[in-house]
Amino acid sequence: MAGLIIDQSKIRDIQAVTQICPFGALEEKNGKLEVNAACKLCKLCVKKGPEGAITYIDDKKKQQIDKSLWTGISVYVDHVEGEIHPVTYELLGKARELAAGIHHPVYAVMMGSRVKKSSRQLLRYGVDNVYVYDQPKLKDFNIETYTNAFEDHIQTVKPSVVLVGATAVGRQLAPRVAARLKTGLTADCTALEISDDTDLVQIRPAFGGNIMAEICTPHSRPQLATVRYKVMNAPVREASESGEIISCMIPEEKLATGIEVLGVKEKEPEKTIETAGVLVVAGRGVKKEEDLGMLRELAELLEGQLACTRPIVEAGWMDTRKQVGLSGRTVRPKLIITCGVSGSVQFAAGMNNSECIVAINTDEKASIFKSAHYCIVGDIYEVIPRLIARIRKEKEVS
């Protein structure tokens, strides 16, 4: 990573140098000049500071990594007691697609206790090798032992790319592994591409969803990315198995930990917008909280659920668990009806894989119409009541 190098011997007046930075990134600590996290790498201090006192080091001066030593795409298998999370299959499908372009193998890495039997089902999804760490002390998720096992897999197999589901476990594990290996990590990717030189292009919304950022880590391996559930397409389960199960072990000393799992309590099942077949989404076009009843009625008639966008949550009208978008939940229902939703990049990325998208908005130029299959230019306060009446009538007839 590019940065600044400070030669303390060439600085006579520390306070005078700290005044150079308009961002307050230069500060005095224990009689020395230091750079803090506010640094923008504008290099103003290099130009205006004492000659030779501050030097800018460019990424290009770093030693280039030998990319040929890193081969394959590994997918972390997220599971609970052997029951594999569906996001794993979605990532395997994307891994196969990426690997085909660069002629690399696809791997899966699974950790736990008595999970070898469960790991065999992965062989029906086009995996070349499944690396299984099956040891009693890996029974329950433990950030220390799982990081050690994951690191062992990466250091042994040397995959060029590592994909992790953005689940509760994945969001803890991926950054820990990235820090351990001193490599980059891009969270909550909505798209992935790969170049001929095996550099992974990790695409995700940035700056509040105003742009789609393309992020690469060309000077380090492996390349880590987390991807949300229901963003990628899962492959079709094959009739026969292919690939190989490879049993792995890590030394007992790497299973030693100061964390003790006292017990695991199963969460009570609840209806979530991620599993709903039909969603009616309330957007900024809803004028007051009481008007949500109209949309809720429509959702109930369609045997679906009411969801919302961020402005509705920020107004305190609905819970964050009902929010659609990258800052909320990613959904893929059979039918989604957006009501007064403008269609920001963050929101669209969280629902644009829905089977059928119906958008209602007064603005014919609203961004949501770019994603919708059916576009209704009109006021939700006129359209929704008529739609409710029509559905009620159809139900009475049937």
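Predicted model: local features only at pLDDT ≥ 70, side-chain atom pairs only at ≥ 80, totals over all residues.
Trainee: OK, which sheet are we in, and what is the order of the strands?

Mentor: We are in an open sheet of five strands with parallel pairing, and the order is E18-E17-E19-E20-E21. The edge strands are E18, covering 305–308, and E21, covering 374–377, each of which pairs on one side only. On average, and ignoring direction, neighbouring strands of this sheet are turned by 20° against each other.

Trainee: How many bridges join E17 to E19?

Mentor: Five bridges join them, with E17 spanning residues 278–282 and E19 spanning residues 335–339, and the two strands run parallel. Within that pairing, Val281 stands opposite Thr338 of E19.

Trainee: And with E20, how many bridges does E19 make?

Mentor: E19 and E20 are likewise joined by five bridges and run parallel. If you want a pair of residues to look at there, Ile336 stands opposite Ile357 in E20.

Trainee: Which strands does helix H7 touch?

Mentor: Helix H7, residues 292–301, packs on the sheet and touches E17, E18 and E19, with its direction making about 170° with that of E17. Helix H11, residues 380–397, also packs on the sheet, where it touches E19, E20 (356–361) and E21, and its direction makes about 130° with that of E20.

Trainee: Which residues of H7 are buried, then?

Mentor: The buried residues in H7 are Leu292, Met294, Leu295, Leu298, Ala299 and Leu301. The elements that cover them include E17, E18, E19 and H11.

Trainee: What separates the C-alpha atoms of Ile384 and Met294?

Mentor: Those two C-alpha atoms are separated by 7.5 Å, although Ile384 and Met294 are 90 residues apart along the chain.

Trainee: Switching to pockets, what is the volume of the largest one?

Mentor: The largest pocket has a volume of about 1800 Å³. Its lining consists of 43 residues, and those nearest the centre of the pocket are Val80, His85, Thr167, Ala168 and Lys267.

Trainee: Which helices and strands supply at least two residues of that lining?

Mentor: Strand E6 (79–80), strand E7 (83–84), helix H5 (143–157) and helix H6 (170–181) each supply at least two residues of the lining of the largest pocket. By residue class, the lining of this pocket divides into 16 nonpolar, nine polar and 18 charged residues.

Trainee: And the second largest pocket, what is its volume?

Mentor: The second largest pocket has a volume of about 370 Å³. Of the 26 residues that line this second pocket, Arg284, Thr309, Pro311, Val341 and Ser342 are the closest to its centre. Helix H8 (310–314), helix H9 (345–349) and H11 each supply at least two residues of the lining, which divides into seven nonpolar, 15 polar and four charged residues.

Trainee: New topic: where does Thr190 lie?

Mentor: Thr190 lies in the loop between strand E11 (185–189) and strand E12 (191–194).

Trainee: Is that residue buried or exposed?

Mentor: Thr190 counts as buried because its relative accessible area is 17%, and the cut-off for buried is under 20%. Not counting residues up to four places away in sequence, Thr190 touches Ile203, Arg204, Pro205, Met212, Val231, Met232, Leu326 and Ala349.

Trainee: Last one: how do E2 and E3 run?

Mentor: Strand E2 (residues 26–29) and strand E3 (residues 32–35) run antiparallel and are joined by four bridges, with Glu27 standing opposite Glu34 in E3. The hairpin of E2 and E3 has two residues between the strands, and Asn30 takes a positive phi near 55° there.

Notes:
Residues numbered from 1 in each chain as written. Heavy atoms only, no water. Pairing = 2+ DSSP bridges. Axes fitted to C-alpha atoms, helices over the stretch in contact; angles between N-to-C directions. Contact = heavy atoms within 4.5 Å. 1 Å grid on protein atoms, 1.4 Å probe; cavity = no way out; pocket = protein on both sides within 12 Å on 5 of 7 lines; lining within 4 Å. Points joined across faces, edges and corners; volume = space filled by probe spheres on them. Nonpolar A, V, L, I, M, F, W, Y, C, P; charged D, E, K, R; others polar. Buried < 20%, exposed > 50% of the residue type's maximum accessible area, 1.4 Å probe, protein only.
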